[in-house]
Every structure is written in C-alpha cells, then in structure tokens.
Amino acid sequence: MHPEAPRADSDLSEAVSVFVELRPRLFGIAYRLLGSAVEAEDVVQEVWLRWQRTDRAIVVSPVAFLSTTTTRLALNVAQSARLRRESYIGPWLPEPVDTSNDPEVGAERAEALELALLLVLEKLPPTERAAYVLREAFDYDYPEIARILRLSPVNVRKIVSRARKHLTDDQRDSVDAAEHRRLLEAFVGAAQRGDVGTLEELLTPNAVSLSDGNGIRGAARIPVLGRSRVANLSTAHRRFWPTVEAEPVEANGRSGILLHRDGRPATFMTIAATHRGIHQVMWVFNPAKIAAFLDSRSRFHCAVVSEVCVRPGRPPR
C-alpha cells in the first residue's frame, strides 16, 4: 500500500467524524432559514460534498467553515424559494419536523423553531433572517455573524435588532410546552365533539386559521380570521373528525397532531398560543410536507456510507 494511503484514510475518517458531529447544527441553521426540511437536507448534503473537496489542512476552524458554507448556501436557496412561493396556492406554512429526538434541532437554544415564528421570519429578507437565527438560536457573536454574512458588526447588530422588532407580542409571549400541549388537546377534543362554545373560549378574538394545501381540495385558500369563524371552521365538516384518527406527535419543539385517514397520515395540525389563548391554528394538508415530516423522524440517525452522509433508507446522494 502506498504510504500516503493510511494518512488519506485517517484524514477522511476525521473529516467524517467532524461533519457528523456538527450535522445537527448545520441542518438546524438551514432549516430555520428555509422553512423546508427537504431543502435543508439538500443544503447539508452539498456542504458535505464541499467539505470532502476542501483542503482541510488549511481550515483553522471546521465549525466556522461548515457554518459559513451552510448559511451562504441556504441564503442562495432562500432567494429562489421566495420566487417559487409567490406562485403557491393559498397560505404557505413551514414544513413541520419531528423533534422528539432533538427538541432544539441542533441549536444552542430552541429559538426560531416554532412554526408560527418561522412563518414570521419567512417574511423577513433572507439576510435579516440569517442574522437573527445565528444570533438567537445558535448564539454566534456579532463579529462571527458579520464574517459569515460579509457585513460589518455594526450592521449585524442593527439587522438583528430590526428582526426582533418584527416579532409580535404573540411570538414573544408564547406559552411553555406543557401549556401548549394542554391547549392543543383541549382544542382537538372540542373540535371532535363539535363544541363551538368551548372552541371560542380557547381562541383569542383575533385568532386566525391557516390551511396549507397548495390548492388541494378541502384546504381553505385564504386565512380564516376571527374567533367565531375559526371555531366554526374547525367543526364545519361534521364527517371530518369521525373519519380520522388523531396521533399526538412532537414537531418543532411543540405538540402537534397527525391525523390519519384510512390508516395513512393525511393532515398535520398544531396551534400557537399565549396566556391570552390560542391565536393561530395551523393545518398542513400538502402531501409533500406530510411526507417530509414522516421522513424527518429518522433524520438525526445520519449514517455515513461509502464516504457519503445519507439518511437511513435513502441511497447515497
């Protein structure tokens, strides 16, 4: 064997070890910037390929290199994703991800993970979103963020401050996980019983229901606004609840419900709430997003096969 071969094998083994250790963080960054688990996985896969091709001997900090590469690639995808979503039919919601194995999806803190907050961040310019995510979820300092985004630390501070101001009181005052679960269970129970009165008591006056179906039949194509309308919508289809089975799941660090029809997962739903009550009800009907949620259940068991980081059950990409 050539004397350089053992050294090359050792170098690749170390590269794999570093990447696998940091992979949850890289996915967490990309997912928060894109709101799509599928797109985030594609970004992470591309980062792995670039990490293999890089002269790692000159990389001072693998964490900095991989975080920077992930952020910049995700920003490129975010620019094109925004154009694609302009043609989306009806409300667009982020793809929910199963977080039962990693409640924070690789972050220092669980910030910018709830679906309602991701939806708010989606409305920000991509660079502003990236600065907020790196600071609030991953605790990068301002000079680090400035280097990643090719901005000055002063500009980064202003951008993060501006992003924080976009958050409404509802996003800042979100209830804890236990109260969220209680309210969700109460909402689903009342909806199953057709109890409009109890639903109205659970909802805030300005509550909104968002149905993400991209044109699928049965999904509302516009937001439904107001306590009474949301309550009535949630019980409108008398034959809906008796035909589905509700499975409690954990998504984006909070409780959710996966509704099965004819034995197959068909709809995901969850809520956003403060101590004032439920202010947002979110329904995901889009089959592609349901499939992505199911796929996310095995995401963090990343295996390395033939020098390629893959998900179980998927061929190397």
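Me: Leaving aside its neighbours within four places in sequence, which residues is Lys-289 in contact with?

Reply: In this predicted model, and with those sequence neighbours set aside, Lys-289 is in contact with Tyr-88, Trp-92, Leu-93, Glu-95, Asp-212 and Val-284.

Me: And where does Lys-289 lie?

Reply: Lys-289 lies in helix α12, which covers residues 287–296.

Me: Is Lys-289 buried or exposed?

Reply: Its relative accessible area is 6%, and since buried means under 20%, Lys-289 counts as buried.

Me: What does the side chain of Lys-289 reach at 2.4 Å?

Reply: At that distance of 2.4 Å, the side chain of Lys-289 reaches the backbone oxygen of Leu-93, and Leu-93 is also one of the residues in the contact list of Lys-289.

Me: Switching to strands, how many residues of β1 are buried?

Reply: Strand β1 runs over residues 203–212 and is mostly covered, with eight of its 10 residues buried.

Me: In which sense does β1 pair with β6, and in which with β2?

Reply: With strand β6, residues 277–284, the pairing is parallel and extends over six bridges, whereas with strand β2, residues 224–225, β1 pairs in the antiparallel sense over two bridges.

Me: Which residues face each other there?

Reply: On the β6 side, Leu-203 has Ile-278 as its bridge partner, while Ser-209 stands opposite Val-224 in β2.

Me: One more topic: why is helix α4 largely enclosed by the rest of the structure?

Reply: Helix α4 spans residues 115–122, and eight of its eight residues are buried, so the rest of the structure largely encloses this helix; among those buried residues are Leu-115, Ala-116, Val-120 and Glu-122.

Definitions and conventions: Residues numbered from 1 in each chain as written. Predicted model: local features only at pLDDT ≥ 70, side-chain atom pairs only at ≥ 80, totals over all residues. Heavy atoms only, no water. Buried < 20%, exposed > 50% of the residue type's maximum accessible area, 1.4 Å probe, protein only. Helix = DSSP H or I, 4+ residues; strand = E, 2+ residues; numbered from the N terminus. Pairing = 2+ DSSP bridges. Polar contact = N/O pair within 3.5 Å; in protein donor to acceptor, adjacent residues only side chain to side chain. Contact = heavy atoms within 4.5 Å.
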